[in-house]
Amino acid sequence: PKLEVYGDSIFIAVRTVGLRPDNSEIAQGELQIFVAATSIVVVRHGEANELAEARSALEADPELLAGGPMVVLHAILDRTVDCYGPVADMLGDSIEAVEEAVFSDQGIDSVEDIYELKRQVLHFLAATRPLIEPLQMLAAGRTPMQGEPAYFRDVADNLSRVVDRATTYRELLTSVFQANLTQVSVRLAEVGVQQNEDMRRISAW
């Protein structure tokens with residue numbers, strides 16, 4: 001994600017992250033947005049989030065839509081960041097399930113689930129965290145576009161909360177991985193003790 005200024009226009013690239021219809025997998029795409037004084041153009045790549053809901057809301061409110069391209073940009077970014085939330089929820093639920101498994105009596109047989117979750121969290125952070133600076137620029141009015149910067153402050157705050165959650169997930173997964181290694185070491189030590197005891201019994205026959 002980035003924001004670039006070209007004269008009296010701006011260009012914004014935004015990574016979209018959402019859940020596929022069955023809510024089991026993460027879909028990613030990109031929006032490239034060109035904003036001028038009287039127009040806005042959006043180019044979608046990959047599995048970008050649908051914007052029909054945002055468009056319908058704007059068309060239903062002509063007075064709001066009269067605010068111009070920056071109002072449309074706000075609606076697009078607001079919709080994009082809103083879609084990050086369910087992904088963060090899904091990651092949180094998956095991490096909780098792995099954490100419970102690690103600390104159960106059975107533990108987990110493989111660290112692949114932990115690695116896969118951490119990979120997803122890192123990809124999620126890579127897609128979302130870089131958008132913080134462009135939103136801060138918009139919220140502070142540091143662009144040549146006319147519009148109300150306050151429109152973007154709620155979006156920036158929402159994004160910051162999502163990124164904070166994902167950062168916590170990353171740190172939690174590191175702790176879960178270390179805990180799993182400890183659990184495995186303990187179980188291996190217990191097996192070793194039992195094997196030594198069995199060998200002593202066999203030797204005594």
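## Core, salt bridges and ring pairs

The largest nonpolar core has 49 residues. Those with the most contacts inside this core are Ile 33, Leu 73, Leu 77, Tyr 84, Phe 124, Leu 135 and Leu 138. The elements that give two or more residues to the core are strand 2 (9-19), strand 3 (26-35), helix 1 (52-59), helix 3 (69-102), helix 4 (112-128), helix 5 (132-139) and helix 6 (150-204). Helix 3 provides the largest share, 15 residues. In soluble globular proteins, nonpolar side chains tend to be buried together. The model discussed here is predicted.

Leu 77 shows how the core is put together. Leaving aside residues up to four places away in sequence, Leu 77 touches Val 14, Ile 33, Leu 135, Leu 138, Phe 152 and Val 155. Three of the residues with the most core contacts, Ile 33, Leu 135 and Leu 138, are named there too.

### Overall layout

The protein chain contains six helices and four strands. Read from the N terminus, the order is β-β-β-β-α-α-α-α-α-α. The chain has 205 residues, and 36% of them count as buried. Among contacts with a separation of 6 or more, 64% are between residues 24 or more positions apart. The accessible surface of the chain comes to about 11,600 Å². Carbon and sulfur atoms hold 52% of that surface.

### Aromatic pairs

The structure holds two aromatic pairs. Phe 11 and Phe 34 form a tilted one, with 4.8 Å centre to centre and 45 degrees between the planes. This pair links distant parts of the chain: Phe 11 sits in strand 2 and Phe 34 in strand 3, 23 residues apart. Phe 11 is buried, at 9% relative accessibility. Phe 34 is partly exposed, with a relative accessible area of 40%.

The rings of Tyr 84 and Phe 124 have their centres 6.1 Å apart and their planes at 85 degrees, so this pair is edge-to-face. The cut-off for that class is an angle over 60 degrees. Tyr 84 lies in helix 3 and Phe 124 in helix 4, so the pair ties together parts that are 40 residues apart in sequence. Tyr 84 counts as buried at 0% relative accessibility. Phe 124 is buried as well, at 2%. Both residues are also listed among those with the most contacts inside the core.

### Salt bridges

The count of salt bridges comes to seven.

| Glu 47 | Arg 20 | 2.5 Å |

Take Glu 47 and Arg 20 to begin with. Glu 47 forms a salt bridge with Arg 20. The pair links distant parts of the chain, 27 residues apart. Glu 47 is in the loop between strand 4 and helix 1, and Arg 20 is in the loop between strand 2 and strand 3. Glu 47 is partly exposed, with a relative accessible area of 38%. Arg 20 counts as partly exposed at 26%.

Arg 79 lies in helix 3 and Glu 53 in helix 1, so the pair ties together parts that are 26 residues apart in sequence. Arg 79 is partly exposed, at 25% relative accessible area. Glu 53 is exposed, at 54%. The cut-off for exposed is over 50%.

Glu 116 is partly exposed at 32% relative accessibility. Arg 119 is partly exposed too, at 38%. Elsewhere, salt bridges that share partners join Arg 20, Glu 25 and Glu 47 into one network.

### Arg 44 in strand 4

Arg 44 has its place in strand 4 (residues 40-46). This residue is partly exposed, with a relative accessible area of 39%. Arg 44 and Glu 30 are 14 residues apart along the chain, and their C-alpha atoms are separated by 5.9 Å. Not counting residues up to four places away in sequence, Arg 44 touches Glu 30, Leu 31, Asn 49 and Glu 50.

Technical notes: Residues numbered from 1 in each chain as written. Predicted model: local features only at pLDDT ≥ 70, side-chain atom pairs only at ≥ 80, totals over all residues. Heavy atoms only, no water. Buried < 20%, exposed > 50% of the residue type's maximum accessible area, 1.4 Å probe, protein only. Contact = heavy atoms within 4.5 Å. Areas by Shrake-Rupley, 256 points an atom, 1.4 Å probe, with all protein chains shown as cover. Core = buried A, V, L, I, M, F, W, Y, C linked by side-chain atoms within 4.5 Å. Salt bridge = Lys/Arg side-chain N within 4 Å of Asp/Glu carboxyl O. Phe/Tyr/Trp six-rings, centres within 6.5 Å; stacked < 30°, edge-to-face > 60°.
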